[in-house]
Amino acid sequence: MGGEYQKITVTVLLSARNFHSMSEVTTIVTGGAGFLGSHLCEELLASGQEVICVDNFGSGQDSNVSQIRDHNRFRIIEADIRKLPELPPADRIYHLASRASPADFTEFPVQIALTNTQGTKHLLEHAVEHDAKMLFASTSEVYGDPEVHPQPETYNGNVNIRGPRGCYDESKRFGETLTVAYHNEYDVDVRTVRIFNTYGPRMRPDDGRVVPTFLSQALQGEDLTIYGDGNQTRTFCYVDDMVDGILKVMNGGGMKGDVVNLGGQNEISIQALAETVLQICDSDSGITYEPLPEDDPTQRKPDVSKAERLFDWDPTIDIQEGLQKTIDDLGE
Ligand code: NAD
Ligand code: UDP
């Protein structure tokens, strides 16, 4: 372990300790009623912050925030970030608002494109006005159907800007461009995380993404629907590991204006994922094969060496354990 690495680790630990001792931090979480956002809100409340969830409840749900709704440091502003909402001053902004399921890209392309561009501009203006620190939730989809594997942050990607996924992929790319522009022109402390496939409790069974779809099919005895031949690969990160990474990026040093990948490390084919789900659910469901959607990436895996080096971040929950936790939560 080199000296530089040790120095960075100590800085992160100290800033994390200071962070937990602060009680006067006001934090906005856009998309706070969504899957990832609601888990993040809970962690921020547990660390003593005042948390303001800004959400239009498009893909988010009341039930996601039912456990924290009455917390005295939590409040919800129901608003659409595309429309310049009136927001209170804040010290920190986690900007997670955006539909994220490919199943929504056909029905809501304009909403998605503008949420990640116009909406991101509104949050960046708010950060400038209040000198707030901001984190932007970008995505592995900025790499499109990648020709480089695994994908490091330096890879510029292979996105079909006019294809069915373009509304999401390209708007996240422009969202990132805006963060760099505001950082360069206004010196905003904005950090970007490129999130790779993440799953866990609170994903809607009808969300369309592969993990909740397979789980709900397996538990209801329906055939699992594999798109294509099932040889396409992804890595899957459990939500607790992802929230831990997001917090480390916001609280750590060396990230102002910068970007980092966060995602699981165990690459798995969708066929293998289906078989794992059937085995964990002890399900008799079969598998049917449907056409692969246009531009569906053939392989994806993050290079997370930057997150490891800067934050000592490494996801710890494997797919078996994470799926079991997700199933257990369904029964509660
Ligand atoms: P989600 O759909 O569960 O949550 C998104 C939330 O944003 C919802 O509560 C939704 O109502 C809200 N929202 C959407 N558009 C809005 C708007 N215009 N104004 C206000 N609120 C709006 O999805 P998620 O999986 O929790 O994703 C959260 C963020 O993380 C998104 O930005 C997504 O792009 C990013 N991300 C997630 C994953 C993943 O695997 N979960 C992967 C890559 C990136
Ligand atoms: N997928 C599938 N069946 C489903 C849903 C998704 O085979 O019911 C596949 C999809 O085609 C993709 C992978 O699973 O190859 C991951 O899809 P998801 O929508 O979860 O996320 P993506 O990585 O495509 O954004």
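**Figure 1. The whole chain, as a predicted model.** This is a predicted model, in which local features need pLDDT of at least 70, side-chain atom pairs count only at pLDDT 80 or more, and totals for chains, interfaces and linings use all residues. Residues are numbered from 1 along each chain as its sequence is written, chains are lettered from A and ligands numbered from 1 in the order in which they are written, and side-chain values use heavy atoms, with hydrogens and water left out. The chain has nine helices and 13 strands; helices (H or I, at least four residues) and strands (E, at least two) are DSSP runs, numbered from the N terminus. Along the principal axes, the C-alpha atoms fill a box of roughly 55 × 45 × 40 Å.

Figure 2. Of the 332 residues, 55% count as buried. Here buried means under 20% relative accessible area, exposed over 50%, and partly exposed in between (1.4 Å probe, protein chains only). Contact means heavy atoms within 4.5 Å. Among contacts between residues at least 6 apart in sequence, 80% join residues at least 24 apart.

**Figure 3. The largest nonpolar core.** A nonpolar core is a set of buried Ala, Val, Leu, Ile, Met, Phe, Trp, Tyr and Cys residues joined through side-chain atoms within 4.5 Å. The largest one has 58 residues, of which Leu40, Tyr94, Ile246, Leu273 and Val277 touch the most other members. Helix H6 (residues 239–251) gives the most to this core, with seven residues. Leaving aside neighbours within four places in sequence, isoleucine 246 is in contact with Leu40, Tyr94, Leu135, Val193, Ile195 and Leu262. There is also a second, separate core of 19 residues, which includes Ile28, Ile81, Ala127 and Met134.

**Figure 4. Valine 243 in helix H6.** Valine 243 lies in helix H6 and is buried, with a relative accessible area of 4%. Look for Leu36, His39, Leu40 and Glu43, which valine 243 touches when residues up to four places away in sequence are not counted. Glutamate 43 is 200 residues from valine 243 in sequence, yet the two are 8.0 Å apart in space, C-alpha to C-alpha.

**Figure 5. Helix H7 and leucine 273.** Eight of the 11 residues of helix H7 (residues 270–280) are buried, so this helix is largely enclosed by the rest of the structure. Its buried residues pack against several elements, including helix H5 (210–219), strand S8 (224–227) and helix H9 (319–330). Leucine 273, in helix H7, counts as buried at 0% relative accessibility. Beyond its neighbours within four places in sequence, leucine 273 is in contact with Val210, Val211, Phe214, Phe236, Ile268 and Ile319. After H7 comes aspartate 282, whose phi is positive, near 50°.

**Figure 6. Valine 54 in strand S2.** Valine 54 lies in strand S2 (residues 50–55) and is buried, with a relative accessible area of 1%. Apart from neighbours within four places in sequence, its contacts include Ile28, Ile77, Ala79, Ile81 and Leu87. The C-alpha atoms of valine 54 and glutamate 107, 53 residues apart along the chain, are separated by 22 Å.

Figure 7. Most residues other than glycine have a negative phi, and most peptide bonds are trans. Leucine 84, in the loop between strand S3 (74–78) and strand S4 (92–95), has a positive phi near 45° and counts as exposed at 59% relative accessibility. Aspartate 187 also has a positive phi, near 60°, and counts as partly exposed at 49% relative accessibility. A cis peptide bond joins histidine 149 and proline 150, with omega about -15°. Proline 150 is found in the loop between strand S5 (133–139) and helix H4 (166–186).
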